[in-house]
Amino acid sequence: MSTAAAPARSLRAGTVLADLLPASRARDIALVVGGAALTGLVAQISVPVPGSPVPVSGQTFAALLVGTALGARRGFLALAVYAVAGMAGVPWFAQATSGYGMSSFGYILGMLLAATVVGALARRGADRSVLRTAGAMALGSAIIYAVGVPYLALATGMTFGQAVAAGLTPFLIGDALKAALAMGALPAAWKLVGRKG
């Protein structure tokens with residue numbers, strides 16, 4: 001694909017940011033592995049939350065960003081590589097942990113689903129304006145909690161209310177900040193691509 005064709009393609013419906021790179025199997029493999037690695041790297045930005053087995057970390061933001069930038073299929077594969085490698089012992093879950101016995105593992109499963117959903121929404125243009133990006137990030141976060149909080153309750157023996165208090169409420173402000181960052185970054189990336197055209 002020529003550089004002259006890339007900007008025109010960027011404006012076409014059904015295109016995500018990763019599609020702007022020249023298409024090849026090597027590109028897709030690099031994007032999937034890179035998305036998994038980015039999620040693992042950003043997961044290390046982690047702060048324990050008093051009274052909760054779930055830390056505040058950057059991995060949820062990375063998972064949503066990876067899904068949005070790569071699209072549903074590659075986003076799913078990137079988060080699947082992240083989850084499977086972490087289960088196999090790569091210490092790149094939050095706080096350099098690995099395995100699947102953690103009470104917070106449900107959030108990782110939720111990220112896998114959320115990356116797929118926001119990737120599908122990005123193919124429909126959900127990452128091209130501030131408001132649509134906000135909606136996609138809010139939905140992605142809701143999906144992560146919809147899987148993570150019940151898993152936390154089951155894994156720890158907490159009541160559902162206790163799991164909400166320990167695994168949802170302390171994270172809402174941070175999620176709003178992450179969504180605000182995405183709301184600025186993703187539409188700005190599309191505008192930059194349009195100007196280069």
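1. Asp175 and Lys178 form a salt bridge between their side chains at 3.8 Å, N to O; the term covers a side-chain nitrogen of Lys or Arg within 4 Å of a carboxyl oxygen of Asp or Glu. About one helical turn separates Asp175 and Lys178, because they are three residues apart in helix H8. Helices are DSSP runs of H or I with at least four residues, numbered from the N terminus. Both Asp175 and Lys178 are buried, that is, under 20% relative accessible area, with exposed meaning over 50% and partly exposed in between (1.4 Å probe, protein chains only).

2. The model is predicted: local features need pLDDT of at least 70, side-chain atom pairs count only at pLDDT 80 or more, and totals for chains, interfaces and linings use all residues. Residues are numbered from 1 along each chain as its sequence is written, and side-chain values use heavy atoms, with hydrogens and water left out.

3. The structure has six salt bridges. A network of them links Asp19, Arg27, Asp28, Arg73, Arg74 and Arg123. Arg123 lies in helix H5 and Asp19 in the loop between helix H1 (5–10) and H2, 104 residues apart, so the pair links distant parts of the chain. Asp19 is buried at 4% relative accessible area, whereas Arg123 is partly exposed at 28%.

4. Arg27 and Asp28 also meet through their side chains in a salt bridge, at 3.0 Å, N to O. Arg27 counts as buried at 12% relative accessibility, and Asp28 counts as buried at 17%.

5. Arg74, in helix H4 (residues 72–87), is buried with a relative accessible area of 3%. Its side chain makes polar contacts with the side chains of Asp19, at 2.7 Å, and Asp28, at 3.0 Å. A polar contact is a pair of N or O atoms within 3.5 Å; within protein, one must be able to donate a hydrogen and the other to accept it, and residues adjacent in sequence count only if both atoms are side-chain atoms. Beyond its neighbours within four places in sequence, Arg74 is in contact (heavy atoms within 4.5 Å) with residues including Val16, Leu31, Val32 and Arg123.

6. The largest nonpolar core has 47 residues, and those with the most contacts inside it are Leu79, Tyr82, Phe93, Tyr107, Ile108 and Met111. Such a core is a set of buried Ala, Val, Leu, Ile, Met, Phe, Trp, Tyr and Cys residues joined through side-chain atoms within 4.5 Å. H5 gives the largest share of this core, nine residues. Not counting residues up to four places away in sequence, Met111 touches Gln59, Thr60, Ala63, Leu79 and Ile144.

Note on methods:
Helix = DSSP H or I, 4+ residues; strand = E, 2+ residues; numbered from the N terminus.
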